[in-house]
Amino acid sequence: MVTMGRWLAGLAWPWQFVLLAVFLGAVFLLTVPFKKIHPFRGQLMVLAAITWVGIVFYLISFTFPGRSIFTGNMPPSYTIPRLWVYALIPTVILTLIPIIRGKNDPDPKWGNLKMVGIVLTALVISVGLFNYIGYYISSALFIVVLMWILGCRSKVELIAVPAGWVVFTYFVFAQLLNVRLPVGSIITNIMRGFA
Amino acid sequence: MELLRNLFDGTVLMMGFMPLLMIFIGVAVGIVLGTIPGISTSMAVALLLPFTFTMNPLYGMALLLGCYKGGNYSGCIPAVTINTPGTPSSVPTLFDGYPMAKSGRGGEALGILLWSSFVGGIFGTLVLVLFATPMARWALNFWSAEYFALCVLGLASVATLGGKHWQKALIAVLFGLLLNTMGTDPLLGTQRYTFGLIRLFDGFHLMPILIGLFALGELFHNLENYKTSDQKHEKHTYTYPKLLYYWKLKWEMLRASVVGTLVGILPGAGSAIASFLAYDLEKRVSKNSANFGKGAPEGVAASGASDSANTGGSLVPMLALGIPGAPTVAVLMSALMIHGINPGPEMFRDQPTLVYGMFASMFIASTFVLFIGWAGLRVWVRTTNVKKPILYTFIFLFTIIGSFAIRNSMFDVGVCIAFGLIGWIFKRFGYPVAPVVLGVVLGRIMEMNFRRAIMRDGAAGFYTRPLALIFLILAVAAIVYPFIQQYRAERKAKLITEDKRE
């Protein structure tokens, strides 16, 4: 347990997600022969993901220091995480029963996933660009792209909304609320060049 | 007398220009956002939260409470005007509100909503003032074991009162509690589940989780069902009746206010249950019951008043015991925590000005709802038709800047997006997100109290202290009750099918 916990605790974030994906893949494959479960696969996958979090947390808890003369009768750091994992086990079983019995509502059909994917990609790119081209330019571009994706074709709106937002964020967030919005390394370098 | 004096002091404090302005802005923003279908009250309050970071806590709370009150009222407007409930609790409004609008009585329905919301709001706040203070005094005698047991009871009832998918709600609570164990152990300083990330040494900040789950999650869900074609709504004419007309509905409003407040006090019951219960009660007792569902003013009054009264009731467990009973209250609780204030009975002792200022601002907000609602009735009706591309874009922008503004951190923005995805997936597959937030909010309090209780009395503390034992027994009962309910329902269904076969 301790070795396993140490190994898991030492893994970086991306690898944690890879492990989670492998676990979810295994659960998915396990459900293939059971056609009765197929309409509830999504719910099962969410349950599996939370169970995986519980397993990882439980194993890592073995790496936390136990009782010592310095801590006295204070419950060690692993007490609470393990308590929640112990409570999670019966709850997972309770959630699993109606899924296996086919008593739950079936998963809803997938909707416009392409839309979610495109918007999410635009959002991630926009946030990623904050440190390079700055918040103002990046968010203005994001607004135009997002409104276009969502079906807005009015030129006035496509210009007025980002312009209005930039002015609003500058005065309200940067000036009034003192939020230091990223200016971006490229813009900073250009400004330095001018200076 | 002491209560009245404190309340008077609180009211005097809130009568300054700044607090009144904050309440006014909060109510106006709440009304505008609430009228837009797809923006829940909790989302509206979460979007306003970043503005309060640099404010005096009292002004910040005045802004958020105003938004809570305003959003709760206006969530019912689209139910009347375009047959789309703005919030889950406004569904019963739709049963009679929309038929009234269709038959040319839309103005009447909106007027009833406004007045019932005012009556409900005032009633709920009165109960809050009367109940929260003695309850908090009683709770001040709690020891760690009682606190932990009370939190367990709160979370168990939040989960199991959550409807037919109570198992999923329990899973969500435990997921929130597990997330809360990340970061430095509050008592021993051990690093837990940080995976080498310095940013995680303090654990996740509550705000990005909250904004992500409530706002972004809901937005992704809406995007999944998004159609680029514009939705055109039917146009109705609105004529508003005279003041005396609403007086006829006073008893309906009062009955519904009682139901709304009482349900609000129960953690986890929520305003939707209150609305349905009040509507159902009114349908049973009304002489006009045959007209319910076809445009009965009593139905609109019942759902509007109970929805509004629920806000006051739902604040009772937060202020008196430190347990958020509803998603929006969890957002309000986190707003206090960001300012370093621990909501709960100690607030009455340590921050009486803030508590009574909050009470006063709720009374003022209810009054503002009436005036702003009345003055802008024709405008609010139009906001239901805000173009979705603009609306969704603004929500995205507010979530991103809101999560960034807390600590000027890009990490928090990433956390917000990640929890947005989690919120969307949870919502898709029927796992409620509110219990996750409650788990995150209460996790640390529970951990501290559990470990302190063990340190002091060992495990015996939980069964030798009568109150702690009662709370734990009630928590077990709250979890066992749905089993019995489910078993009974299955048995009943079985008997019916057997009868049909015979």
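Biologist: Which residues of helix 5 of chain A are buried?

Modeller: The model is a predicted one, and a residue counts as buried when 20 or more other C-beta atoms lie within 10 Å of its own. An α-helix has 3.6 residues a turn, so residues three or four places apart point the same way. In helix 5 of chain A, the buried residues are A:Val116, A:Val119, A:Leu123, A:Ser126, A:Val127 and A:Phe130.

Biologist: What covers the buried residues of helix 5 of chain A?

Modeller: The cover includes elements of both chains. From chain A there is helix 6. From chain B the cover includes helix 10 (206-224), helix 19 (388-405) and helix 20 (410-428).

Biologist: How far apart are the end C-alpha atoms of helix 5 of chain A?

Modeller: Helix 5 of chain A has 21 residues, and at 1.5 Å a residue it should span 30 Å.

Biologist: Which residue follows helix 5 of chain A, and what is its phi?

Modeller: The residue after helix 5 of chain A is A:Gly134. Its phi is positive, near 90°.

Biologist: How many helices and strands does chain A have?

Modeller: Read along the sequence, the pattern of chain A is α-α-α-α-α-α-α-α. The count for chain A is therefore eight helices and zero strands.

Biologist: How far apart are the centres of the two domains of chain A?

Modeller: Chain A is divided into domain 1, residues 2-100, and domain 2, residues 113-194. Taken over C-alpha atoms, the distance between their centres is 38 Å.

Biologist: What radius of gyration does chain A have?

Modeller: The C-alpha trace of chain A spans about 60 × 55 × 25 Å along its principal axes, and 27% of the 195 residues count as buried. For a compact globule of 195 residues the radius of gyration would be near 16 Å, but that of chain A is 25 Å.

Biologist: What radius of gyration does chain B have?

Modeller: Chain B comes to 23 helices and two strands, and its C-alpha trace spans about 70 × 65 × 55 Å along the principal axes. Of its 502 residues, 61% count as buried. A compact globule of 502 residues would have a radius of gyration near 23 Å, and chain B agrees, at 23 Å.

Biologist: Which helix of chain A gives the most to the side that touches chain B?

Modeller: In the interface, 58 residues of chain A are in contact with 51 residues of chain B. Helix 2 (13-31), helix 3 (41-60), helix 4 (79-100), helix 5 (113-133), helix 6 (135-149) and helix 7 (155-176) of chain A each supply at least two residues of that side. By class, the side of chain A that touches chain B has 38 nonpolar, 16 polar and four charged residues. The helix of chain A that gives the most, with 10 residues, is helix 4.

Biologist: Is B:Tyr193 buried or exposed?

Modeller: B:Tyr193 lies in the loop between strand 2 (191-192) and helix 10 of chain B. Its phi is near 50°, a positive value in a residue other than glycine. With 22 other C-beta atoms within 10 Å, B:Tyr193 is buried.

Biologist: Is B:Asn408 buried or exposed?

Modeller: B:Asn408 is in the loop between helix 19 and helix 20 of chain B, and its phi is a positive value near 50°. Most residues other than glycine have a negative phi. Because 12 other C-beta atoms lie within 10 Å, B:Asn408 is exposed.

Biologist: Which residues is B:Ala139 in contact with, leaving aside its neighbours within four places in sequence?

Modeller: B:Ala139 is found in helix 7 (residues 106-139) of chain B and counts as buried because it has 21 C-beta neighbours inside 10 Å. Its C-alpha atom is 8.8 Å from that of B:Glu346, 207 residues apart along the chain. Beyond the sequence neighbours, the contacts of B:Ala139 are B:Ala320, B:Leu321 and B:Pro345.

Biologist: Where in chain A is confidence lowest?

Modeller: The mean pLDDT of chain A is 89, with 99% of its residues at 70 or more. Confidence is highest in helix 3 of chain A, at 94. It is lowest, at a mean of 80, in helix 8 (residues 185-194) of chain A.

Terms used
Residues are numbered from 1 along each chain as its sequence is written. Chains are lettered from A and ligands numbered from 1 in the order in which they are written. This is a predicted model: local features need pLDDT of at least 70, side-chain atom pairs count only at pLDDT 80 or more; totals for chains, interfaces and linings use all residues. Domain bounds come from an automatic or database domain assignment. Two residues are in contact if their C-beta atoms, placed from the backbone, lie within 7 Å. Helices (H or I, at least four residues) and strands (E, at least two) are DSSP runs, numbered from the N terminus. Ala, Val, Leu, Ile, Met, Phe, Trp, Tyr, Cys and Pro count as nonpolar, Asp, Glu, Lys and Arg as charged, and the others, Gly among them, as polar. The radius of gyration is taken over C-alpha atoms; the globule rule is 2.2 Å times the number of residues to the power 0.38. The expected span of a helix is 1.5 Å times one less than its number of residues. pLDDT is the predictor's confidence in each residue, from 0 to 100.
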